[in-house]
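Morning, everyone. Please look at the screen while I talk you through one protein chain.

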Amino acid sequence: MVKTAWVTDSTAYLDDELKSHPDLYTIPLTVLLDGEEYSDGIDLTPQQLFARLKQLKNPPMTSQPSVGAFQALYQQLEKDYDQIITVLISGKLSGTVSSSEQAAKLVDIPVTTFDSQILTYPMSALLKKGMELLAAGNSIEAIIEELEQIRETNETYVLVGSLEQLHRGGRMSGLQFFLGSMLNVKPIISIEKGALAVKEKIRGEKKAKEKILDYFRSAYEKYQIKEVYLLFGLHESHTDDWRMELKEQFPQVEIICCPLGAVIGVHAGENTLGISWFNGLK
């Protein structure tokens, strides 16, 4: 029987099912704080990160795992496995996909790298679906084809906690930042084909939150979505309003709350709040 290893990166959110999966391996991204390097999720918790961010002299930075780090992991897995499927953070948000693809050319074991075009729990949902399809006897080609189809149906909307951090990290222009902070404008950021885009600019946070729930409502009416992911920077309590409202209006939808993690927190801030779902995940 062909033995398959699964690899993901540290921006994925691993629930108990994934943590206890015997064939899943995680490669960490790096967070750089005033010249010091930390491995995401290994020696830097979100609490520690956000405490440090308040004292930094320079803008924090993040970097993808090196080609060498992927190569070392793949060579290690070669000893026990016949093939590897790697599910990673969007290639437009990080160079992690590129590092994996380059490393795959340097090893003897076949590696299939899948760009999730997303991050955190929605990426984990694709990983789980891939595992389910493999367990059901599907070929790698069939698995990737189905994951690509599901990936296209993702909708993700984010209210960034700190426009200043997004600006300092080079993810937002000075003028946009200035206008946003002056006018209490909350840009609703969407992830389109793996890249950040400003979906709409709404005056005031309450209205912006209501608008995002409207997006979900209209998607639900069309697609009868089975699970929705609420994403938060540091404080799970920020998801309370949305969770209550979703529970009330869509009692049959499973609501999964999960932290965005340190790498995303660096750019978006501790008060960030997001919602994500797949219209095509059955």
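What is the strand order in the open sheet of six strands? The order is 10-9-8-13-11-12, and the pairing is mixed. Keep in mind that this is a predicted model.

Now the edges. Strand 10, residues 195-203, and strand 12, residues 254-259, each have a single partner strand, so one side of each has no neighbour in the sheet. From one strand to the next, the twist averages 20 degrees.

A quick reminder on pairing. Strands of a sheet pair through backbone hydrogen bonds, either parallel or antiparallel.

Take strand 8, residues 154-159, and strand 13, residues 273-278. They are antiparallel, with six bridges between them. Find valine 158: opposite, in strand 13, is glycine 274.

Next, helix 5, residues 120-135. This helix lies across strands 8, 11, 12 and 13. Its angle to strand 11 is about 145 degrees.

Helix 5 also brings us to the salt bridges. The structure holds 13 of them. Here is one: aspartate 15 with lysine 128, where the closest N and O atoms are 2.4 Å apart. These two come from distant parts of the chain, 113 residues apart. Aspartate 15 sits in the loop between strand 1 and helix 1, while lysine 128 is in helix 5.

Is aspartate 15 buried or exposed? Buried means under 20% relative accessible area. Aspartate 15 has 16%, so it counts as buried. Lysine 128, at 19%, is buried too.

Lysine 129 and glutamate 132 form a salt bridge, 3.2 Å from N to O. They are three residues apart in the helix, so about one helical turn separates them. Lysine 129 is buried at 9%, whereas glutamate 132 is partly exposed at 47%.

One further pair. Glutamate 205 and lysine 186 meet in a salt bridge of 3.6 Å, N to O. Glutamate 205 belongs to helix 9 and lysine 186 to strand 9, 19 residues apart. Glutamate 205 is partly exposed at 37%, but lysine 186 is buried at 14%.

Finally, zoom out. The chain has eleven helices and 13 strands. Its C-alpha trace spans about 60 × 50 × 30 Å along the principal axes. For 282 residues, a compact globule would have a radius of gyration near 19 Å, and this chain agrees, with 19 Å. Of those 282 residues, 52% count as buried.

Key. Residues numbered from 1 in each chain as written. Predicted model: local features only at pLDDT ≥ 70, side-chain atom pairs only at ≥ 80, totals over all residues. Heavy atoms only, no water. Pairing = 2+ DSSP bridges. Helix = DSSP H or I, 4+ residues; strand = E, 2+ residues; numbered from the N terminus. Axes fitted to C-alpha atoms, helices over the stretch in contact; angles between N-to-C directions. Contact = heavy atoms within 4.5 Å. Rg over C-alpha atoms; globule rule 2.2 N^0.38 Å. Buried < 20%, exposed > 50% of the residue type's maximum accessible area, 1.4 Å probe, protein only. Salt bridge = Lys/Arg side-chain N within 4 Å of Asp/Glu carboxyl O.
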